[in-house]
Amino acid sequence: MSLATPSTSDTASPEIERAASPSVGRFRKILAQGIPNLLVFGLLAVVLYVGHRTGWKIPTRGELFTAQSGTAKDWCSEHLVPASRCVECRDGLMPKPAEFGFCRTHGVAECVICHPELAQVSGEPGLPAYDTTHALALVARPENNSRNMLHQRRVQFASSTSAEKSGVEVDVVQERNMIDAVAANGEIQFDPTRVAHLSSRASGSVAHVYKIVGDTVEPGDVLALVDVAAVGKAKSDLLQAIVERELRRTNHQRLKAAGIGVAGIAVTEAKAALDEAEVAFISARQALVNLGLEVPEEFDETNATKIADDLRFLGIPPAVLASLPVGTKSANLYAVRAPYEGVVVASDSVLGEVVDATDVLFTVADPRRMWLVLSVPQEDARYVARDLPVLFRTDDGAQQAAGRISWVSSTIDERTRTLQARVVLDNATGALKDKTFGTGRIVLREEPRAVVVPRDAVQSTGDATFVFVRDRDYLKDGAPKVFHVRQVRTGARDATHVELLAGVLAGEVIAAKGSNVILAQLLRGNLGAACCELVVPKQ
């Protein structure tokens, strides 16, 4: 039997353990601080190794996929289609047509109007039925930069399904009626030459009111009777002048008839008195004319009573006079009458109210003819001329009207920087109302067979405008799903369509909704992504 020797750890004293503890702590601390540095240096070593092996190039999606799987992947990362079917990278799949360069006549590259063989249609292409060069020159149009080369590119989808999933919808280039116009804010007003502001010709008080706002009137209708003292006095003065003139005329004739028995001085004095009476008559008559009354130039002076009766109610129609209550018939009554057919649009006439000659009692307007006053922006003023057609639509869309420009101002308004133009509108139905605001379209050109596409189809890069035309063989089995990039020139617009004056022909199929997706893919490829290649794993 032997005795076991106790181990060092078993026999170590507590003092030795306490002495070893500080060394262990320092080691752990150094180790904890060094691990992050080791990881950083390790990551740098991996980056250096990968960069050296790849030539410091970022691997394409295909290369990454191949490195993971170890198998060949047929994919063009630039154009996002199978590399074996990429028409941009493999010219033999779909050779590009001959290039004709930039067309200075129509302002587009590879002009299909000048070279219809470029059109992507089956059969004979149809050229525009109108002179698009005239339309291009009519107004300032957006222009294309002749150095923009995006039209040389084509955008390809892996399949028609992928195009649909991308949100691309197509439409056919059509022909429809379009209007090329300049828009301007407008206001409908009464024709100022057919608006009458009626008042009493002298101070007085309103005795009777016959018309109110909204009433229609005929020429000569009495709107109100005003008791005017000046009218009564003028009638009295005229009657006195008539009697005096007749008296002096009789005296002059009697003296002349007496012959040589009467001194010449007496005849001369009688003639002078007659002339004086004639002047007084003319002056008294003119006073009534100035008050708006129609006074005969001559009277039957043999019956003074009849003259007095005629003058007493001068200007008052018999029907109105007959309707007056007993005791209210006065020689002071003055009739406020309508000058023409129209409508009472304003009235400030109150029975018994004292009025002055400056007070407007009624406003009568003829609504059958209205004015449309347009405020044309200064930049469009050069296109405005007399006799151009105008289409007007009220802001609420409830009313429309048409007419022609009858007057164009010779100056630009210094406050609004707009040009005033006037259109006379027929308003026989009375549908148009005074002070109505809306938008007028000054028609510069109307084309019944304009070449148009949906507004969504047109895209722009700032220096050029494009549409994307589907290849004529797109629907054939196995054919590349390609959209051709076309420069275009835009013309007239409406709410849904835009006219293309150059760049496409009727019958071609274009990308409409979702064409921005194609533009994004086109610009993405234009940033310089690496060209596709058939990726094969290295041996």
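Arg449 is partly exposed, at 44% relative accessibility. In this predicted model, the side chain of Arg449 forms a salt bridge with that of Glu175, with an N to O distance of 3.0 Å. The two partners come from distant parts of the chain: Glu175 belongs to strand β5 (residues 174–190) and Arg449 to strand β18 (residues 436–454), 274 residues apart. Glu175 is partly exposed as well, with a relative accessibility of 31%.

## A pair within helix α6

Glu246 and Arg249 also meet through their side chains in a salt bridge, here at 3.2 Å, N to O. Both lie in helix α6 (residues 229–258), and because they are 3 residues apart, about one helical turn separates them. Glu246 is partly exposed at 25% relative accessibility, and Arg249 is partly exposed at 24%.

## A buried pair

A salt bridge of 2.8 Å, N to O, joins the side chains of Glu508 and Arg486. Glu508 sits in the loop between β23 (497–502) and β24 (509–511), while Arg486 is in strand β21 (residues 481–487), so the contact ties together parts that lie 22 residues apart in sequence.

Buried residues have under 20% relative accessible area. Glu508, with 0%, is therefore buried; Arg486, with 7%, is buried too.

## Network and total

Salt bridges also link Arg141, Asp180, Arg445 and Glu499 in a network. Across the whole structure, the search finds 20 salt bridges.

Methods. Residues numbered from 1 in each chain as written. Predicted model: local features only at pLDDT ≥ 70, side-chain atom pairs only at ≥ 80, totals over all residues. Heavy atoms only, no water. Salt bridge = Lys/Arg side-chain N within 4 Å of Asp/Glu carboxyl O. Helix = DSSP H or I, 4+ residues; strand = E, 2+ residues; numbered from the N terminus. Buried < 20%, exposed > 50% of the residue type's maximum accessible area, 1.4 Å probe, protein only.
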